[in-house]
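Hi,

Here is the structure I promised to pass on.

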Amino acid sequence: MNYDGGQGWHHPRIVPYQPISLDPAAKVFHYGQTVFEGLKAYRTAEGGIRLFRPSKNLQRLNLSNDRLSIPEIDEQLFLEALMSLVRVDSDWIPGEPETSLYIRPYVIATEPLLGVSPSQQYLFMIIMSPVGSYYAEGINPVSIHVESHYVRAVEGGVGTAKTAGNYAAGLKAQEGASAKGYTQVLWLDGVHRRYVEEVGSMNVFFKLGDKVVTPALNGSFLAGITRDSAIQLLRHWGIEVEERPIPIDELVEACRSGELKEAFGTGTAAVISPIGELSYKDEKLVIGGGETGPLSKRLYDTLTGIQYGREKDPFGWMVEL
Ligand code: PMP
């Protein structure tokens, strides 16, 4: 679907996957004016196809659009486009456990003009691909490196938007962490380099004693849809969830004393990903004996159960095709 100043969003269409042609001066190449989303379609045991909370992705896409000065996209149009495309590609949705169709809607600024101002032309596209488990480790714990040198977003910046620049800003640290054998980077806040924010593509949760704590949304990291779903499930089970600033030194202390029982990341791709090890300033901290904890397992089983239709959907999250 295209946008240009005079016509608004227009010309929605489905075309075979193929390279696209863009002017070398297209604004997206030079000023990074682009946003994206990520969600999944699942096939149930009965063969039905369903999406997980797609309206939340549209709402977030429009928040990202707003932050990047990209025109809003109509919710109905977005859902119709999504549904039509999934229908066309439904044969690609595998039926095996842990597999799904990953859907990537995105907007790029296409106006061919060198000059820093919002583009007058955009292209909105949706591509998709069948996926298996996100990490080679599956539901087994991952190891995370706490990044204390680089930052990738600050309050008031674009950290709450799902935009390419945030990921570009994280590549250097991610490369360093991977070279040391870590799966992902845990980002600290950009001002004090003290408060935990998010992992490369996941939000984070820590089980401290009987409570679960997760960083409060502060305007510099992404409001994950899986994060919101995990909080709702935990509260539904009567588990106290605290959303608050979490200093890294508190976690290090809690880990040393054994009060930190479990840690896990949440995200569309990874669903629930237990964290078995944190490295911070040359110290390696093992969490929960490096094993998948019971809460991570319960959340993973329940969320995937809801997504694949094995469990009741008490919150009405799934949308049938
Ligand atoms: N933080 C970042 C930076 C991400 O890229 C993602 C993945 N979209 C998340 C958190 C988790 O968000 P969600 O649960 O909506 O996938």
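Predicted model: local features only at pLDDT ≥ 70, side-chain atom pairs only at ≥ 80, totals over all residues.

S15 pairs with strand S16 (residues 283–286) in the antiparallel sense, over four bridges. Strands here are DSSP runs of E with at least two residues, helices are H or I runs of at least four, both numbered from the N terminus, and two strands pair if DSSP finds at least two bridges between them. One of the partners is Lys 284 in S16, which bridges to Ser 279.

Residues are numbered from 1 along each chain as its sequence is written.

The loop between S15 and S16 also holds Asp 282. Asp 282 has a positive phi of about 70° although it is not a glycine. For context, most residues other than glycine have a negative phi. Asp 282 is exposed, because 5 other C-beta atoms lie within 10 Å. (Exposed means 12 or fewer other C-beta atoms within 10 Å of a residue's own, buried means 20 or more, partly exposed is in between, and C-beta atoms are placed from the backbone.)

Val 271 is another non-glycine residue with a positive phi, near 60°, and it is found in strand S15. S15 (residues 271–280) is mostly covered, with eight of its 10 residues buried.

S14 and S15 run antiparallel, joined by four bridges, and form a hairpin with three residues between them. In that pair, Thr 266 stands opposite Ile 272 of S15. S8 runs parallel to S15, again with four bridges, and here His 145 has Ser 279 as its bridge partner.

Now the ligand. It is surrounded by 13 residues, and the closest are Gly 224, Ile 225, Thr 226, Gly 267 and Thr 268 (a residue is near a molecule if its C-beta atom, placed from the backbone, lies within 6 Å of it). Strand S11 (202–208), helix H5 (225–236) and strand S14 (260–267) each give at least two residues to this shell, and H5 has the largest share, with three. By class, the shell has three nonpolar, eight polar and two charged residues. Nonpolar covers Ala, Val, Leu, Ile, Met, Phe, Trp, Tyr, Cys and Pro; charged covers Asp, Glu, Lys and Arg; the others, Gly among them, are polar.

Lys 162 is found in the loop between strand S8 (142–147) and helix H4 (164–179). Lys 162 counts as buried because it has 22 C-beta neighbours inside 10 Å.

Overall, the protein chain has seven helices and 17 strands. Its C-alpha trace spans about 60 × 50 × 35 Å along the principal axes, and buried residues make up 41% of the 321 residues.

Cheers
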